[in-house]
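Subject: Structure handover

Hello,

Here is the structure I said I would pass on. Please open it and keep it on screen while you read.

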Amino acid sequence: MEIIKTSALTKIYGRIQAVNSIDLSIHKGEVFGLLGPNGAGKTTTIGMLCTIVRPSSGSASIAGYDIIREPARVRRQIGIVFQDPTLDTVLTGRENLELHARLYGVSSDIREARINQMLELVDLHERGNDITRTYSGGMRRRLELARGLLHRPAVLFLDEPTLGLDPQTRARIWEYIKKMAQTEQTTVVLTTHYMEEAEQVCDRVGIIDHGKIIALDSPEGLKESMGGDMVAIRVKESPLEKIRALPYVYEVKENEGTLEIITKEAHLHLAEILSIIKDVECVEVRVPTLNDVFIKLTGRDIREDSIEDSGSWVDSVARYRQRGS
Amino acid sequence: MNEGRIQKELMGMYAVWWREFKVFQREKSRIVSSIVQPLMWLFLFGSGVGASVSVSDINYQDYIYPGILAMLVLFGSVYFGLYIVWDRKLDVLKAMLVAPVSRISIFMGKVLGGCTDVTLQIIVLFLFSFLFPSINPWGIPLALLLLFITSIALVSMGLALGSLFNSLEGFQVISAFLIFPLFFLSGALFPIDDKLPFWLQGLVKLNPLTYAVDGVRGVLLNVHIFPFYVDFLVVTFFAVTMFLLGSVLFSRMK
Ligand SMILES: Nc1ncnc2c1ncn2[C@@H]1O[C@H](COP(=O)(O)OP(=O)(O)OP(=O)(O)O)[C@@H](O)[C@H]1O
Ligand SMILES: [Mg+2]
């Protein structure tokens, strides 16, 4: 059953097409990821679905309620964790949840129990009575997750829930999100530009660039669309044509002394590929990541500044890290 | 179904009020300074000037007591309202505004929160009223009512202005060109009589705060220029106008 539907949803700011005619259909209970670089239009899309940004054109509905005509009903269906922190740092963790429970009309007889349950879910029950100003960044984010879920929304929007957190905290937050999606049966729509992490939690991923959805599938499906494994070989001279002629090679290009090959079943064919090349300096074999998918679709890297380990490594014959260019 | 909605709106309004009250309780230093400051006006400024001045046979300190109450209401209320600029900067307001509660309820919660802060501070100042021998303690409830209504007007005004500004830069401008003139032109510190220059008399009579000061002075000291019902009507009209204006601007705020 589809719980979110958008058709030709568009937002224009002056000359900027922040969101450009997006059509989405998100199923109940799904964890859906919107992936894209800075300025792609992720926050704007979520803003429109949450009724705080008015679309320039197009329409959308959540649980059957129109976001423009019935914003109050839509709001009752959703929870949101904004990209920027919005905790009330004068209040304690528990008070933040109390405030939220009242704003969402959670009735007083279940409020207390629900707050305790949520604090426990995010492991903050021991710090619940501390002023949130004294919380660490990760704790604040966890409390925001708890707050977003407090009123049992049908849909939970998470805008960059892990941005700026250290890897351990990020891993924990993804765990909570998975746990929540399962225990609460909540539909989750999240944005991130940590591709590897999105792969692990999302049932489906929409890749968004310049306000347009340019690919939409399960993480596996998106990676399969690459056509095979990625092999990078550092060479002195490159027999580009010979490799291109191999039947199982899907794509090959040379980039500053490195041959980048996409091939089916690299573990079966690597020996033959290597035998064609005379001077092999080093070899890297891996399965494609969503970042590779993004590069293939846009010609750009989604991560502008941070170089991180990308993807998992498979049967590499020789495993070297290439440093420098 | 309709009843449930009204109940939810009331609960939302209460939530906003509750939050403001918590903030009020936590900011102890702010409360202390907001009470110490008027006391300094009364005891340092008042006894200084009072050494050589008395008005209508009343000790000057006693004479300005109602004016200083109005000052506390003025500054406390307008700054409380303007504070939403800061709330918005910190995105605290964003989480509230996306909740399924109407803007009007949030606005009313804020107004009541501000009025509660200010009224509690006024009550503390009333505890000192025994130090001012001319004050009639039986007038206190009526004075409190009038100051409460004044506070509704001024918190609304602060929220209205706060909805229009995006940065704190506006604070200085509003202080210099609105709050201080309202205070000085309210007759809080001097009597409004024919000795005043003509232009000043005119400005003072246009200032709604004048009527609050006059009304409070009337019930506490039995010194006034307008009948109490005139003061009461002007202040109430001011409150209704500001409340409506504030709720419109707050609802339209991005
Ligand atoms: N209020 C606004 N006024 C003008 N332009 C805006 C506004 N909000 C967003 N934009 C523009 O719309 C585009 C999309 O912004 P958006 O915040 O949706 O991107 P994003 O995908 O969330 O990026 P990030 O990963 O940096 O959070 C950007 O070019 C941005 O400058
Ligand atoms: Mg964003």
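Below is what was found in it, topic by topic.

Please remember that this is a predicted model.

**Chain A as a whole**

Start with chain A. Its secondary structure comes to eleven helices and 14 strands. Its C-alpha atoms fill a box of roughly 75 × 45 × 35 Å along the principal axes. Chain A has 325 residues, and 54% of them count as buried.

**The magnesium ion**

Next, find ligand 2, the magnesium ion. Which residues coordinate the magnesium ion? They are Thr43(A), through OG1, and Gln83(A), through OE1, at 1.9 to 2.1 Å. These two residues come from distant parts of the chain, 40 residues apart. Thr43(A) sits in helix α1 of chain A, residues 42-49. Gln83(A) sits in the loop between β6 (78-81) and α3 (93-103) of chain A. Thr43(A) is partly exposed, with a relative accessible area of 39%. Gln83(A) is partly exposed as well, at 28%.

**A positive patch**

Now look at the surface. A patch of positive charge gathers there, made of Arg73(A), Arg76(A), Arg5(B) and Lys8(B). Which helices supply at least two residues each of the positive patch? They are α2 (71-77) of chain A and α1 (2-26) of chain B. Take Arg76(A) as one of the patch residues. Arg76(A) lies in helix α2 of chain A. Its relative accessible area is 35%, so Arg76(A) is partly exposed.

**Salt bridges**

Over all chains, the count comes to 24 salt bridges. Here are some of them.

Arg94(A) forms a salt bridge with Glu112(A), and the closest N and O atoms are 3.4 Å apart. Why does this pair tie together parts that are 18 residues apart in sequence? Because Arg94(A) lies in helix α3 of chain A and Glu112(A) lies in helix α4 (residues 108-121) of chain A. Is Arg94(A) buried or exposed? Arg94(A) has 17% relative accessibility, so this residue counts as buried, the cut-off being under 20%. Glu112(A) has 44% relative accessibility and counts as partly exposed.

Then go to Arg26(B) and Glu95(A). Their side chains meet in a salt bridge, at 2.7 Å from N to O. Arg26(B) lies in helix α1 of chain B and Glu95(A) in helix α3 of chain A, so this pair joins two chains. Arg26(B) is partly exposed, with a relative accessible area of 32%. Glu95(A) is buried, with a relative accessible area of 8%.

A further pair is Glu144(A) and Arg141(A), whose side chains meet in a salt bridge at 2.6 Å, N to O. Both residues lie in helix α5 of chain A, residues 137-149. They are three residues apart, about one turn of the helix. Glu144(A) and Arg141(A) are both buried.

Last, there is a network. Which residues are linked in a network of salt bridges? They are Asp88(A), Arg19(B), Glu20(B), Asp87(B) and Lys110(B).

Best wishes

How values were computed. Residues numbered from 1 in each chain as written. Chains lettered and ligands numbered in written order. Predicted model: local features only at pLDDT ≥ 70, side-chain atom pairs only at ≥ 80, totals over all residues. Heavy atoms only, no water. Donors = N, O, S within 2.8 Å, 3.2 Å for Na, K, Ca; no water. Helix = DSSP H or I, 4+ residues; strand = E, 2+ residues; numbered from the N terminus. Buried < 20%, exposed > 50% of the residue type's maximum accessible area, 1.4 Å probe, protein only. Patch = residues over 30% accessible without salt bridge, like charges linked within 9 Å, V, L, I, M, F, W, Y side chains within 5 Å. Areas by Shrake-Rupley, 256 points an atom, 1.4 Å probe, with all protein chains shown as cover. Salt bridge = Lys/Arg side-chain N within 4 Å of Asp/Glu carboxyl O. Lys, Arg positive; Asp, Glu negative; His and termini not counted. Charge placed at Lys NZ, Arg CZ, Asp CG, Glu CD.
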